[in-house]
Amino acid sequence: MLFETAGSRFSPAAARDRTLCGSRGAGRDVSKLLRQYYDRRVSGPLPENLTLLLAQLVEAEAKHRQLLELTPHLKAFAISLCHSLDHADDLVQTTLLKAWSHRDDFVMGTNMKAWLFAILRNSFLSEIRKRKYEVEDQDGGFADCLSIPSAQLGHLMIMDLSKALDSLSKDQREVLILICAEGLSYDEVASRCGCAIGTIKSRLNRARAKLCGLMGVKGGHEFGPDQKEVSLARTPLG
Amino acid sequence: MNRTTAELVEPHLPSLRRFSYALSGEKGDANLAALLELLIASQGALRRDLAPRKAVFQLFIELWSAASAKEPLAQSKDAGVVETRIAAVGGRARQAFLLAALEDFSERDIAVVLRTEVEEVRRLLDIASSQIFEQIAAKILLLEEDALLTLDMERLVEEMGHKVAGAAANEWEAVILAKRAKPDLVLMDVSPGGENSAIEAAIEILDTLKVPIIVITEKPERVADSRLHPAFIMQKPFEPRDLEAMINQSLFFEMSASVRPGAASPALRRNSVRRARAQRQPQFCAAPRFSS
């Protein structure tokens, strides 16, 4: 071997054994020489673009952390609006999904709580609007949305969600976000994406199924409202 | 205390930057930028179950392998000798070599970083060794004041895989052989009682041939006091393995020997004697000099 690494034992030179390092002590010299050599070529402070990227990483993480810290507050707010735990969970998720996909819009240092509460309130209101006007949609637009039972919410970390989202195909992710986070109807999404409603529905199903698998939710039936919730959702609010 | 991804990554950026340059030349910084962008999009990509340094290198290599492992090393116009040496080593073997030789990872840690077994790491290091050795295998000229020792040196050199370009017993033979054989390295023995003829021969050889010179001697101060400034000075007794390392390093880095102008000053003599006495280890030149 042309050299020995720090962790390998010294062994007597075999006939075809080459040495760049020699015995233990001299071995460090090669590393030192190589580092000396390369440090003359790549030295000094980090170039500006890398420093910038590092700063962006710091900011992205800070936003994550804040989102996590605010989730319980969001949940409390959602419960006060919905009066139903499951419904509140759905609402919080939709809100987190929206906030996550618009995270670049949020300026660090401004009031994230207010920003999140606004998103949640708007989601809630647009839900109500949709229920009032949803006549043709036979499947129930909101009821189809991302919905994880509250038992699973304990395991739901925003990071798992973002990682899981990343692994969806571009088409699937787009459909999921447009329908569940932006609250568009199937029609609107179909025309925006330029394909049939059936395609949109099957993409949505596949996206949900994939997310199920990735986030450890057992079966498809856990990943959606039960019959009772569906009928409740259809009831227009007084 | 849960550290952020940025906190885990930042301390390793300078060495990662150096590693990236060694791995992919001019594209080094671009590849590092790609890593940071990946982390911005998905901080979960950095494993928390590994020591941070290993996790960072592992992720970087994964990214690099996916993108550019098959591409040749993008070299700048002033790429030096080491870049040329490294460029001759293929993808994964190059990664293993640099992780070991440049970044000082143990074989076990390299196995973790490359997501493989230790046996595979050894195999890759062997491949890197042969590919590098192919480039540096040398014709070596021996300058020996003692004929008996010459035979020993010839055997040693050949066992290392190099060739003996010739063995000179005196100053004139040395100069003539050097001109004729144009060796890649000169290995000379300077005996304590000698008359400096070997040293003078070496100085004359350097007049016309730019070549690393390694001196083996019992009395390093004889050389330190002379006008000759070799690539390495090796004190007897020595381990053959150490000599091999010095020879291969000189060839790998294309180290130079040179001649100091004028006669050695008294102060120089005092210091070099003191230094030689203080060391019981094989004595190497304090600062090997690169020719580029």
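This is a predicted model: local features need pLDDT of at least 70, side-chain atom pairs count only at pLDDT 80 or more; totals for chains, interfaces and linings use all residues.
Averaged over chain A, the pLDDT is 71, and 63% of the residues score at least 70.

The secondary structure of chain A consists of ten helices and zero strands. Read from the N terminus, the elements accordingly follow the order α-α-α-α-α-α-α-α-α-α. Chain A has 238 residues, of which 43% count as buried. Among the contacts in chain A with a separation of 6 or more, 63% are accounted for by residues 24 or more positions apart. The accessible surface of chain A is about 12500 Å², and 55% of this surface belongs to carbon and sulfur atoms.

Chain B contains both kinds of element, with 14 helices and seven strands. Of its 292 residues, 53% count as buried. Where contacts in chain B join residues at least 6 apart in sequence, 72% of them join residues at least 24 apart. For chain B the accessible surface comes to about 13200 Å², with 51% belonging to carbon and sulfur atoms.

The two chains meet through a pair of helices. Two packed helices are described by the angle between their axes and the distance between the axes. Helix 2 of chain A packs against helix 3 (residues 28–41) of chain B at an angle of about 10°, and the axes lie 9 Å apart. Because angles under 35 degrees count as roughly parallel, helix 2 of chain A is roughly parallel to helix 3 of chain B. On the side of chain A, the contact is formed by N49(A), L50(A), L53(A), L54(A), Q56(A), L57(A) and A60(A) in helix 2. These residues meet D29(B), L32(B), A33(B), L36(B), E37(B), L39(B) and I40(B) in helix 3 of chain B. By class, the contact between the two helices comprises ten nonpolar, two polar and two charged residues.

Q95(B) is located in helix 6 (residues 91–101) of chain B. With a relative accessibility of 1%, Q95(B) counts as buried, because buried means under 20% relative accessible area. Leaving aside residues up to four places away in sequence, Q95(B) touches F19(B), L23(B), I61(B), W64(B), S65(B) and L114(B).

Two lysines of chain B lie in loops on either side of strand 4. K210(B) is situated in the loop between helix 11 (197–208) and strand 4 (213–217) of chain B. The relative accessible area of K210(B) is 67%, and the residue is therefore exposed. Although K210(B) and M255(B) are 45 residues apart in sequence, 9.6 Å separates them in space, C-alpha to C-alpha. K219(B) occupies the loop between strand 4 and helix 12 (220–224) of chain B. The relative accessibility of K219(B) is 40%, so this residue counts as partly exposed. K219(B) and V190(B) are 29 residues apart along the chain, and their C-alpha atoms are separated by 8.1 Å.

Several loops of chain B also show particular features of the backbone. The peptide bond joining K236(B) and P237(B) is cis, with omega about -5°. P237(B) lies in the loop between strand 6 (232–235) and helix 13 (240–252) of chain B. R115(B), a residue other than glycine, has a positive phi near 55°. The place of R115(B) is the loop between helix 7 (107–113) and helix 8 (118–136) of chain B. E254(B) is not a glycine either, yet its phi is positive, at about 50°. E254(B) is found in the loop between helix 13 and strand 7 (258–259) of chain B. With 41% relative accessibility, E254(B) counts as partly exposed.

Terms used
Residues are numbered from 1 along each chain as its sequence is written. Chains are lettered from A and ligands numbered from 1 in the order in which they are written. Side-chain values use heavy atoms; hydrogens and water are left out. pLDDT is the predictor's confidence in each residue, from 0 to 100. Helices (H or I, at least four residues) and strands (E, at least two) are DSSP runs, numbered from the N terminus. Buried means under 20% relative accessible area, exposed over 50%, partly exposed in between (1.4 Å probe, protein chains only). Contact means heavy atoms within 4.5 Å. Accessible areas come from the Shrake-Rupley method with a 1.4 Å probe; for residues, only the protein chains shown count as cover. Axes are lines fitted to C-alpha atoms, for helices over the stretch in contact, and angles run from 0 to 180 degrees between N-to-C directions. Angles under 35 degrees count as roughly parallel, over 145 as roughly antiparallel, 65 to 115 as roughly perpendicular and the rest as oblique. Ala, Val, Leu, Ile, Met, Phe, Trp, Tyr, Cys and Pro count as nonpolar, Asp, Glu, Lys and Arg as charged, and the others, Gly among them, as polar.
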